[in-house]
Amino acid sequence: MKFILKYPLAIFLILTFVFFGILQCQTDKKPIVNDLTAVKKEIFKNNVEFLRQTNELITLVSKDAGNKILQEKFQQLRKTYKKMEWAVEYFLPNTARFMNGSALPEIEMEEHTEIEPEGLQVIEEMIYPYEKQNKDELIRILKKLTNKSNTIKANFLVITISKDQVFDALRQQVFRISSLGIAGFDTPISGTFLEEMPFALEGVRWTLEQISTEKSKQKSLKQIVSEIGIANGILKKNSDKNTFDYIHFVPDHLNKISTLLLQFKKEENIPDVEVTSALNKNASTFFSKDAFNPNAFVPGKEYEMSPEKVNLGKQLFSDKILSNSNSRSCATCHIAEKAFTDGLEKSMSLENVALQRNTPSLSYSAFQHGQFWDMRKDDLEGQSSDVITNKEEMHGDMNAIIAKINQDKKYQKDFEKIYKTKNTEVWQLQNVLASYIRSLATFNSDFDDYMRGKSSAMTEKQKKGFNLFVGKAQCAICHFIPLFNGTVPPTFNKTEQEVLGVAENASNRKIDNDLGRGKFHETVAFLQNSFKTPTLRNISKTAPYMHNGGYKTLKEVMDFYNKGGGNGLGLSIKNQTLSDSKLNLTNQEIDEIIDFMSALNDK
């Protein structure tokens with residue numbers, strides 16, 4: 001009472017502020033943003049359980065528990081992680097990398113140094129099966145995992161999450177499930193991914209319910225909940241990776257969920273997160289016609305594609321003006337009918353001498369971080385100038401070529417129209433060539449048609465082949481759906497390389513001594529003899545195969561993988577990243593996989 005009498009003006013101002021604040025809330029037409037406290041609490045709850053289960057595993061290993069109990073407890077730990085994976089991967093990607101990343105070293109490019117792998121995939125290798133001599137090392141890796149759990153707790157205590165970010169994270173998770181999850185990328189040894197998938201989907205369902213309002217509860221959310229329930233029912237009926245029906249599960253269930261998510265977004269009036277991404281924000285599935293954004297892979301905004309750049313690049317791609325002697329164009333070695341390869345075992349020099357490697361396809365090369373087999377160039381702009389100036393390939397001089405272009409009235413006019421500069425510059429030539437190459441990804445194969453709902457687009461043999469490709473043969477662990485290359489979904493911000501142990505050719509047992517990416521990282525052991533994972537789209541048009549062209553047919557390639565790569569053939573490759581376990585595919589199964597791969601040919 002004394003306060004009110006003493007400070008009447010202050011009280012009046014406070015009441016006025018409160019009144020107009022309430023009025024503003026009532027009249028504001030913006031959508032109500034749900035309280036995300038419950039979402040954070042669930043992340044904390046799952047993380048607490050994850051930490052408890054990790055410590056339980058440490059205790060069990062310390063007490064020399066048996067193989068079976070360790071594997072059971074480890075599977076429970078992975079399932080707990082799957083519940084919060086959507087949040088950790090999105091908000092703390094660096095932490096996620098060391099919690100559930102590949103059991104392979106990482107590389108710091110600038111320092112040319114290795115970072116040792118850790119996390120769940122490393123632990124899986126150590127307990128399938130568990131050997132007591134690895135006890136101390138296993139405990140060490142588990143303790144590092146507890147540190148990552150503490151990192152999750154510390155970060156989510158201070159970071160702010162918004163409804164649009166949560167939705168974006170959930171959408172990414174559905175696409176992660178539809179690619180890495182369905183392939184068993186993070187359980188390559190145990191193969192328990194189908195058992196884990198319901199927990200990942202339940203994490204999506206529960207969180208969507210927390211951020212929904214009445215706008216979606218009786219519409220898209222209700223349908224999403226139903227579809228997730230149906231999908232989980234199917235997963236619980238059959239979790240055998242070798243017999244699961246992937247070819248129907250992806251379009252009939254996972255694609256439906258991702259499509260409904262866009263409807264949910266519209267009903268809830270959720271804005272886009274303003275970040276350039278490889279997957280377009282309006283893509284309902286991985287297989288939508290315009291799902292991918294090639295501009296996410298360009299060096300900068302001024303390099304973005306346009307129809308004018310593509311058309312000009314196409315002209316120059318076939319123009320011999322780019323070579324020193326005016327005798328060779330890009331199209332000489334990249335023939336459209338052969339999916340932009342040349343059909344030869346190895347590229348041929350200007351002197352008609354075989355070079356070191358096979359000509360790679362340019363189809364879908366837009367969606368890679370790292371060009372050439374050895375990934376020595378970051379983007380297609382760098383790739384084009386590297387080939388043009390290579391004395392054995394085109395022996396051109398970029399400045400001399402630019403001088404020719406500036407003397408050509410038509411070319412000069414076209415460049416001026418696009419770039420608004422009087423004289424053409426080197427980067428502009430690189431950019432139009434790269435823009436044309438980026439346009440070569442058309443996504444119009446029979447497989448794409450099938451995934452868009454045309455059930456007759458693939459034969460029964462091809463459908464069986466896809467199920468084998470994803471399941472028993474484990475091809476999709478390295479050739480990620482839907483690009484079928486080594487660019488890792490769902491963010492597509494990294495392209496992987498592999499050490500396969502490729503021989504000089506399919507008929508001998510002598511290792512090919514090409515260092516690949518290792519040539520540029522001599523001190524990094526795991527990169528020696530490593531090569532980029534190329535796309536399998538249009539693969540049946542691009543024979544012969546491998547970086548050295550030593551495998552004439554897809555049958556020979558499949559036989560190589562079926563036997564476990566170089567190590568499986570007895571070549572002793574110490575840093576082989578490909579599993580050396582035999583796949584035990586029959587000849588009929590190999591034929592079915594090859595037939596499926598023909599469904600990846602663009603029309």
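## Salt bridges and a kinked helix

E85 is buried, at a relative accessible area of 2% (buried means under 20%, exposed over 50%, partly exposed in between, with a 1.4 Å probe and protein chains only). That residue has a charged partner too: E85 makes a salt bridge with K82. This is a predicted model, so local features need pLDDT of at least 70 and side-chain atom pairs count only at pLDDT 80 or more, while totals for chains, interfaces and linings use all residues. Residues are numbered from 1 along each chain as its sequence is written, and side-chain values use heavy atoms, with hydrogens and water left out.

**Salt bridges in general**

- Side chains of opposite charge can pair when their charged atoms come close.
- The structure has 38 salt bridges (a side-chain nitrogen of Lys or Arg within 4 Å of a carboxyl oxygen of Asp or Glu).
- Some residues join up in a network of salt bridges: E116, E118, E137, R140, K144 and K148.

**Pairs inside one helix**

- Helices here are DSSP runs of H or I with at least four residues, strands are E runs of at least two, and both are numbered from the N terminus.
- In the E85 and K82 pair, the closest N and O atoms are 3.1 Å apart.
- These two sit 3 residues apart in helix α4 (residues 67-91), so about one helical turn separates E85 and K82.
- K82 counts as buried as well, at 7% relative accessibility.
- E214 pairs with K217, and their closest N and O atoms are 4.0 Å apart.
- Helix α10 (residues 214-217) holds both, and because E214 and K217 are 3 residues apart, they are separated by about one helical turn.
- E214 is exposed, with a relative accessible area of 61%, whereas K217 is partly exposed at 33%.

**A pair across the chain**

- D446 forms a salt bridge with K603, with 3.4 Å between the closest N and O atoms.
- This pair links distant parts of the chain, 157 residues apart: D446 is in helix α19 (residues 446-451), and K603 is in the segment after α23 (587-598).
- D446 is partly exposed at 28% relative accessibility, while K603 is exposed at 60% relative accessible area.

**Helix α8**

- How many of the 21 residues of α8 are buried? The count is 19, so α8 is largely enclosed by the rest of the structure.
- α8 has a kink of about 40°, centred on I177 (the bend at a residue is the angle between axes fitted to the seven residues ending there and the seven starting there).
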